Structures are given as C-alpha cells and as structure tokens.
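Me: Can we go through the packing and the charged pairs in this one? Here it is.

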Amino acid sequence: MAVISARGLTKTFGEVKAVSELTFEVAEGRITGFLGPNGAGKTTTLRMLLGLIRPTSGTALIDGRPYRELTQPRRVVGAMLDADSFHPGRTGRNHLRVLAGTTGVPPARIDVVLDQVSLTRDAGRRVHGYSVGMRQRLGLASALLGDPAVLILDEPTNGLDPAGVAWLRTLLRNLASEGRTVLVSSHALAEVAATVDDVVIISGGQLQYSGPLSDLSHARTTLEDSFLRLTGSAS
C-alpha cells in the first residue's frame, strides 16, 4: 500500500524547472531511500510533500491527501529537514515541551522520545552547546514526538559518528517493523544500501529509478554503481 505518492509532480522557479513530472510511491512498513546528486530536486520534492511549497502542477499526497488537508498533520507525519531549526537558548527538553504544546501531544511523550534517541542525559543542556550529532538526535526526537505513522528525514546521519549511524539504522528498521513508512534522503550511499528496502533516484528533477533496492544491488553491482550510471555521474 502506497502511503506517500507523487503524481506528475512539477515545480518551476521562474525559468528553472527544479522538479519535472515526478511520479513515485513509498510503501507502508518499508524504508525508502530518496537519492540524487546535488541540485537534483530532492529538497524541493520533500518540501512539496510537506506542504511547505506548492507544486506548479501534479500532486504530492500522504495517506491519499495533501499535507495541508491532514487532520493534526504533525501527528501523522514526522519530518526532519533542518537540524539547526532550534532556539539556541532553549534546552532540548524545553524545545520538545514547546513543540508538544503546539501539536497537542501529551507531555509524557517527551521522555519517551528523549530515551528513544538516547538524549535523556543531555536534555537539560541548552541547544547552543549541542554537537551536530546531538542536534540530529534532537531533530529525530522532534519528528518522533507525535508518534507518527510516516517519517520524512533529510540527511539524518549528518554529524553522527559510526556508532550513531549504526544506532540510527537499527532505529529506522525497528520503526519500519512497526508498520511505519520511512522516506530518507541521503548522500551516504553505503549506509543507504545497508538500511533501505526501496530506492527512488532522481537527477535533473526527473525520475531515474523507483523500486526495490534488490533490483539495483547484487553481487556484481553496488548501489553506488547503479546510482552513478543512472544519474550520468559515472566516469
């Protein structure tokens, strides 16, 4: 069952076509890697899915509806697009407390997500003192706060050390095993190959591949090989 879907999704900025006739689906209970070179249109696509910018044409749907039409959207979709979007003077816990208050989430969820992202010990520290990896964990906690069925994450491994990357891989697999739908944009192809079930690859705003990872990666061809071939980046 497709939980996230794009149909003919197009976005132009003046004379620049950032995304062109993009069509793909993200299935329930699976992790999908959203890949493309710099400037491919990934961030623009994610922002259209989350209702932050309007498509020029086509549709971006979550659970069959545009994000703006979802009831309590932050409890349906948890998103992390920018790990620096925190008030630096607030503590991690206070950031989550404010977010919970604006989304109608029970305060008890704060301790749950802090534990889930291994940030309980540092929850009382001000965010300006957090490392990049700790900010990533706080961003994940924010995305998980509403206990959403859908997660949309942009470069979630940024700033994480190898142990943190392994931890995140396990977390995402556990979330998918609970039936949640996870869309992850990343440049870390080796980590994507170790984590996801499906892959969507775009280049120049256009779809190059959408389907199971297993159809791209096998004994003689890696995800990186296929990515470079599909995006025209191979030497």
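Reply: First a term: buried means under 20% relative accessible area, exposed means over 50%, and partly exposed is in between (1.4 Å probe, protein chains only). This is a predicted model, where local features need pLDDT of at least 70, side-chain atom pairs count only at pLDDT 80 or more, and totals for chains, interfaces and linings use all residues. Residues are numbered from 1 along each chain as its sequence is written, and side-chain values use heavy atoms, with hydrogens and water left out.

Me: Is R173 buried or partly exposed?
Reply: R173 is partly exposed, with a relative accessible area of 29%.

Me: Which residue does R173 meet in a salt bridge?
Reply: D197, at 3.3 Å, N to O. A salt bridge here is a side-chain nitrogen of Lys or Arg within 4 Å of a carboxyl oxygen of Asp or Glu. D197 lies in the loop between α7 (189-195) and β8, and R173 in helix α6, so the pair ties together parts 24 residues apart in sequence. Helices (H or I, at least four residues) and strands (E, at least two) are DSSP runs, numbered from the N terminus.

Me: And how many salt bridges by that rule?
Reply: The count comes to 8. One of them joins the side chains of R30 and D198 at 2.6 Å, N to O. That pair ties together parts that are 168 residues apart in sequence, because R30 lies in the loop between β2 (16-27) and β3 (31-35) and D198 in strand β8 (residues 198-203).

Me: What about accessibility for R30 and D198?
Reply: R30 is partly exposed at 31% relative accessible area, while D198 is buried at 11%.

Me: Switching to the core. Which members of the largest one touch the most others?
Reply: L35, L172, V199 and I201, out of 46 residues. Helix α6 (residues 162-177) gives the largest share of this core, 7 residues. A nonpolar core is a set of buried Ala, Val, Leu, Ile, Met, Phe, Trp, Tyr and Cys residues joined through side-chain atoms within 4.5 Å.

Me: What does V199 touch?
Reply: Leaving out residues up to four places away in sequence, its contacts (heavy atoms within 4.5 Å) include T32, G33, L35, Y209 and L223. There is also a second, separate core of 27 residues, with A6, F24, V26 and V200 among them.

Me: Last one, R135. Where does it lie, and what does its side chain reach?
Reply: R135 lies in helix α5 (residues 132-144). Its side chain reaches the backbone oxygen of V127 at 3.2 Å. R135 is buried, with a relative accessible area of 16%.

Notes:
A polar contact is a pair of N or O atoms within 3.5 Å; within protein, one must be able to donate a hydrogen and the other to accept it, and residues adjacent in sequence count only if both atoms are side-chain atoms.
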